[in-house]
Amino acid sequence: MRVTRALHPLLPLCQRLLPCRLAGLSLTLLKAAALEVTILAGHLLLYPTGIAQERRSPARPLPAPDGTAQLPVQTGPPVVLLHGFIDNRSVFVLLRRSLAQHGGQRVESLNYSPLTCDIRAAAELLGRHIEEICERTGSRRVDVVGHSLGGLIARYYVQCLGGDLRVRTLVTLGTPHSGTRVAPLANAHPIVRQMRPGSEVIEELARPAPGCRTRFVSFWSDLDSLMEPLETARIDHPDLVASNVQVTGIGHLALPVHPLVATGIRQALDAEQPGSRTDAETDGVIVA
């Protein structure tokens with residue numbers, strides 16, 4: 001990344017006063033760090049609003065005042081949002097609004113307990129939740145958007161629990177598909193150990209998955225401080241129909257919040273609609 005020309009005269013002074021690593025920080029990285037702090041502060045304020053499970057809306061539209069039934073407005077299957085580690089559905093406030101306004105889909109979210117200690121158990125819970133949605137809405141399949149750990153839980157459900165029968169498209173945001181080495185002191189938590197390279201869960205996901213019917217789209221950031229290495233947030237599996245979208249200029253917390261990422265998610269979910277073009281095997285880049 002390049003430093004802007006306006007900062008060039010200050011570099012010698014910065015190199016004398018600051019460690020070399022800090023002196024080399026670019027304006028892009030500083031902006032991303034400031035955005036992460038801002039998003040974290042805002043999310044802490046919203047967090048209490050997402051602790052409880054959301055209320056389930058009626059499966060069918062209410063009749064119009066004249067007695068005639070209104071036609072449903074959604075153009076695609078229901079979208080299920082799944083949050084990350086020690087988080088809740090409040091992280092998706094902006095993304096949920098974007099999907100509902102622009103896509104017309106029915107959007108629902110699932111809270112799993114912050115005390116969850118096993119990705120497999122969380123994947124089973126997700127499966128039950130999706131079955132309930134399908135039964136309630138009459139939809140045969142759903143789309144899933146998972147942030148961080150939520151994407152790994154959804155992928156385990158799809159690959160290892162037969163969830164590809166129900167999940168049409170799985171979109172992951174900053175998910176450690178190959179395991180992350182960041183924050184080794186966090187290994188005390190069992191679910192963190194399952195997100196490490198070489199864990200049983202990661203090895204299960206690397207096994208052959210012939211005939212998997214789900215389409216995968218992975219958004220990964222070049223400034224994601226929780227992915228070590230950064231490329232672990234990509235899906236590279238020979239049996240999966242997957243595309244990887246690199247997002248430049250934002251960090252981990254911004255992925256489910258940034259409007260350009262929301263646009264990319266909408267495009268990914270619309271790609272299998274009738275008359276739409278599907279680029280399932282083409283990687284892309286979003287410059288935030």
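Reader: How many salt bridges does a search of the whole structure find?

Author: The search finds ten. This is a predicted model, with residues numbered from 1 along each chain as its sequence is written, and side-chain values use heavy atoms, leaving out hydrogens and water. Local features need pLDDT of at least 70 and side-chain atom pairs count only at pLDDT 80 or more, while totals for chains, interfaces and linings use all residues.

Reader: What makes Glu 200 and Arg 120 a salt bridge?

Author: The term asks for a side-chain nitrogen of Lys or Arg within 4 Å of a carboxyl oxygen of Asp or Glu. Here the closest N and O atoms are 3.2 Å apart, so the pair qualifies. Glu 200 sits in helix 8 (residues 200-206) and Arg 120 in helix 5 (residues 119-137), 80 residues apart. Helices here are DSSP runs of H or I with at least four residues, strands are runs of E with at least two, and both are numbered from the N terminus.

Reader: Why is Glu 200 called exposed?

Author: Exposed means over 50% relative accessible area, buried means under 20%, and partly exposed lies in between (1.4 Å probe, protein chains only). Glu 200 has 58%, so it counts as exposed. Arg 120 has 22%, so it counts as partly exposed.

Reader: Which other residue forms a salt bridge with Arg 120?

Author: Glu 204 does, with the closest N and O atoms 3.1 Å apart. That pair also links helix 5 to helix 8, across 84 residues. Glu 204 is at 16%, so it counts as buried.

Reader: Why does the pair of Arg 213 and Asp 164 tie parts of the sequence together?

Author: Their side chains meet at 3.0 Å, N to O. Arg 213 lies in the loop between helix 8 and strand 5 (215-221), and Asp 164 in the loop between helix 6 (149-160) and strand 4 (167-173), so the pair joins parts 49 residues apart. Asp 164 is buried, at 9%.

Reader: Which residues are linked in a network of salt bridges?

Author: Arg 106, Glu 108, Glu 132 and Arg 136.

Reader: What is the lining of the largest cavity by class?

Author: A cavity is a set of points on a 1 Å grid over the protein atoms alone where a 1.4 Å probe fits but cannot get out, and lining residues have an atom within 4 Å of a point. The lining is Phe 85, Ile 86, Tyr 112, Ser 113, Pro 114, Thr 116 and Ile 191. Five are nonpolar, two polar and none charged. Ala, Val, Leu, Ile, Met, Phe, Trp, Tyr, Cys and Pro count as nonpolar, Asp, Glu, Lys and Arg as charged, and the others, Gly among them, as polar.

Methods
1 Å grid on protein atoms, 1.4 Å probe; cavity = no way out; pocket = protein on both sides within 12 Å on 5 of 7 lines; lining within 4 Å.
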